[in-house]
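These notebook entries record what I looked up in one structure. I began with contacts between charged side chains and then turned to other features.

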Amino acid sequence: MQFELTEEERMIQKTARDFANKDLAPVAAESNKTGEFPEAIFKKLGELGFMGMTVPEEYGGVNLGTFCLVLALEELGRVCASTAVAVSVHNSLVNWVILKHGSEELRKRYLPDLATAEIIGAYAVTEPEAGSDVAALRLSSVRDGDEYRLDGTKIFISTGDKAGINIVFGRTDPKDRKGGISAFVVENAFPGFSIGKTEEKMGLTASTTVELVFEDCRVPAGNILGGEGDGMRIALGALDGGRIGIAALSVGIAQAALDEAVLFAREREQFGTRIIDFQSTQWKIAEMAMQIEAARLLVYRAAKLRDASTPCPKEAAMAKLLATRVANQAAFDALQIHGGVGYTKEFLVERLFRDARAGEIYEGTSEIQRLVISRRVIEEYERMFPTE
Amino acid sequence: MKIITLLKRAPDTEARILINREGTGIQEEGVKFVISTYDEYAVEEGLRLKEKMGGDSKVTVVCVGPEEATEMIRTALAMGADDAVHICDPAIKESEPFITAAVLAKAIKDNGFDIIFCGKQAIDDDMAQVQSILAEMLDIPQVNVATSFEISESGDKAVLRRRIEGGDEKVETQLPVIISCEKGLNEPRYASLPGIMKAKKKEIRTKALADLGMADAQGEIRSKILKWLPIPKGGECKVVEGEDVPTAVKELVRLLREEAKAL
């Protein structure tokens, strides 16, 4: 077991960290306040290679894999979770499914632009009636000659409006609950595609979350990923990567909370002493540091498994469940250490607290993660000790 | 054009520096090392010049430093430098400007050069001597603390600005020349991910003193660091209070005269 980063990994981490500190931090402070999407940041991320991390070089990416991606996502998440979410979705979901399931023509058409952030990719599964229960999705997708006709709506789609393309999961067979789902690459410029309501969110305010509206939206038949009915399989295959990405950026949020807490506690004096000298503060710091380290190692392990093409639903779910919980607890404790000022928008912990909250909901709720983990664990026991 | 950029491995400016128990150096454990900040400007300026000159222009990084300096060299290669010479020899233990300059001079002569960029000083020992000694050894002009750099059309002259008290000094120089770089000269680029991948395949020529025909560099030593000492702790701070400012000032003057004996 190898715990040290390689020279190359350290260099990638350093570039991500320097970029996050120097370029992203000032923009993030502003964007999170105004809700203005920081488009220029994505251009720069594209130039540096961060938008095509799992895309092979022949399609314009850098092909560094999931482990290097999580190193980058932690650094971005530490400074701006909104940005990190968009980078995570773009890399681990959109690029991933096009690479794994797109025809050669689709790969050639979209991946080079995605890898360089000429366009941003978004990923549309959720519907009003289909959240954790993905198979309940209804968006109608009917074959009509050389095209599919899409009708319906998707909700809660991160950066769906800023994207050049959305990966859209629709129903091609109303009778087959799981086998009747298909995935399409839908350009935002396709006729019949439009943006509906923009959500006003509690956190992640530098990233948009929108409704996608499909009204007789015409998608070329060639823009289907895999074949008709492959949608569920494609969505499940991408899940682990998506979860690892959210877990990684949540470790970043947790790390930022610890950083802020320690720096603040060193300065703040009460009862004639620095509050970092109080045991109540020290215990919080110890707990945070330990939990962050544990979460980070789970994320690293899941990412390594993903890079080795080893199925890792249990490990990815564990990483996500722990990392998002740790982010919430760390943000909670960091805010508590700050006291009253932590509750104001002048201090970063206020944003960390709001941003961390989404982690336990999107890319599979904490409840779903527990379901995934427990099923796998029980299955493992079943194999070892079969019931009579 | 053969462009040389010099590079030193130094502790991160954010790192907390502690002197080791023997007083022979700093405690390296837990300290993050980086390219010495001013050397980053040098690398960036070298790369910009290369991009401007085009053709078969080449940026070669030259570094005297321990094995661990490979990571900083690799970072410069990832930024876009073409190759590197790493002089790494246990005989060069201490950072002594004459040894460093002598070794660099030999390595640079062997490589060939038209222009040399380096930082105005290292961010660790702040000696700011190597560039001047090196200029003498190579018998070329030096321009220090440059804040702007412009190469002539013909490529054999350069115009620079250097920050001096109260303004800027504009300097014209012939090539070859050594230029030490100041903050503000440029904004160093990041090592991009494609750059990091390409850097793996770039050549770092590691050389010992013997490879440079310098069996013993000890003769070059002109100064010796006797001991490293921590910065003495500052004295107690005293706040002079009084009913009003004139009373407080009177008390301050009295203290300065009688207690501090500064007046």
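**Entry 1. A salt bridge between chains.** I looked up Arg10(A) and found that its side chain meets that of Glu71(B) in a salt bridge, at 2.5 Å from N to O. Arg10(A) lies in helix H1 (residues 7-34) of chain A and Glu71(B) in helix H2 (residues 70-79) of chain B, so the pair joins two chains. I counted as a salt bridge a side-chain nitrogen of Lys or Arg within 4 Å of a carboxyl oxygen of Asp or Glu. Helices (H or I, at least four residues) and strands (E, at least two) are DSSP runs, numbered from the N terminus. Side chains of opposite charge can pair when their charged atoms come close.

I note that the model is predicted: local features need pLDDT of at least 70, side-chain atom pairs count only at pLDDT 80 or more, and totals for chains, interfaces and linings use all residues. Residues are numbered from 1 along each chain as its sequence is written, chains are lettered from A and ligands numbered from 1 in the order in which they are written, and side-chain values use heavy atoms, with hydrogens and water left out.

Are the two partners buried or exposed? Arg10(A) counts as partly exposed because its relative accessibility is 32%, whereas Glu71(B) counts as buried at 15%. The classes are buried under 20% relative accessible area, exposed over 50%, and partly exposed in between (1.4 Å probe, protein chains only).

**Entry 2. Salt bridges within chain A.** I next followed Arg218(A), whose side chain meets that of Asp144(A) in a salt bridge of 2.7 Å, N to O. This pair links distant parts of the chain, with Arg218(A) in strand E7 (residues 209-220) and Asp144(A) in strand E2 (residues 140-144) of chain A, 74 residues apart. Arg218(A) also forms a salt bridge with Asp216(A), where the closest N and O atoms are 3.1 Å apart.

I then checked the accessibility of these residues. Arg218(A) is partly exposed, with a relative accessible area of 22%. Asp144(A) counts as partly exposed at 33%, and so does Asp216(A) at 38%.

Which residues make up the network of salt bridges? I found Asp144(A), Glu147(A), Arg149(A), Asp151(A), Asp216(A) and Arg218(A) linked in it. Over all chains, the structure holds 46 salt bridges.

**Entry 3. The cavity.** The search ran on a 1 Å grid over the protein atoms alone, a cavity being a set of points where a 1.4 Å probe fits but cannot get out; lining residues have an atom within 4 Å of a point. Grid points are joined across faces, edges and corners, and a volume is the space filled by probe spheres set on the points.

The largest cavity holds about 40 Å³ of space. Its lining consists of Glu287(A), Met288(A), Gln291(A), Val326(A), Gln329(A), Ala330(A) and Asp333(A). Helix H7 (279-307) and helix H8 (313-338) of chain A each supply at least two lining residues, and H8(A) gives the most, with 4. I sorted the lining into 3 nonpolar, 2 polar and 2 charged residues.

**Entry 4. Backbone of chain B.** I recorded 6 helices and 11 strands in chain B. Of its 263 residues, 46% are buried. Most residues other than glycine have a negative phi, and most peptide bonds are trans.

I therefore looked for departures, given that background. The peptide bond from Leu175(B) to Pro176(B) is cis, with omega near -5°. Pro176(B) lies in the loop between strand E9 (167-174) and strand E10 (177-181) of chain B.

Phi of Asp126(B) is positive, near 55°. Asp126(B) sits in the loop between strand E6 (115-119) and helix H4 (130-138) of chain B, and is partly exposed, with a relative accessible area of 44%.

Where does Val145(B) lie? I placed Val145(B) in strand E7 (residues 142-151) of chain B. Its phi is also positive, near 60°, and Val145(B) is partly exposed at 22% relative accessible area.

Technical notes: 1 Å grid on protein atoms, 1.4 Å probe; cavity = no way out; pocket = protein on both sides within 12 Å on 5 of 7 lines; lining within 4 Å. Nonpolar A, V, L, I, M, F, W, Y, C, P; charged D, E, K, R; others polar.
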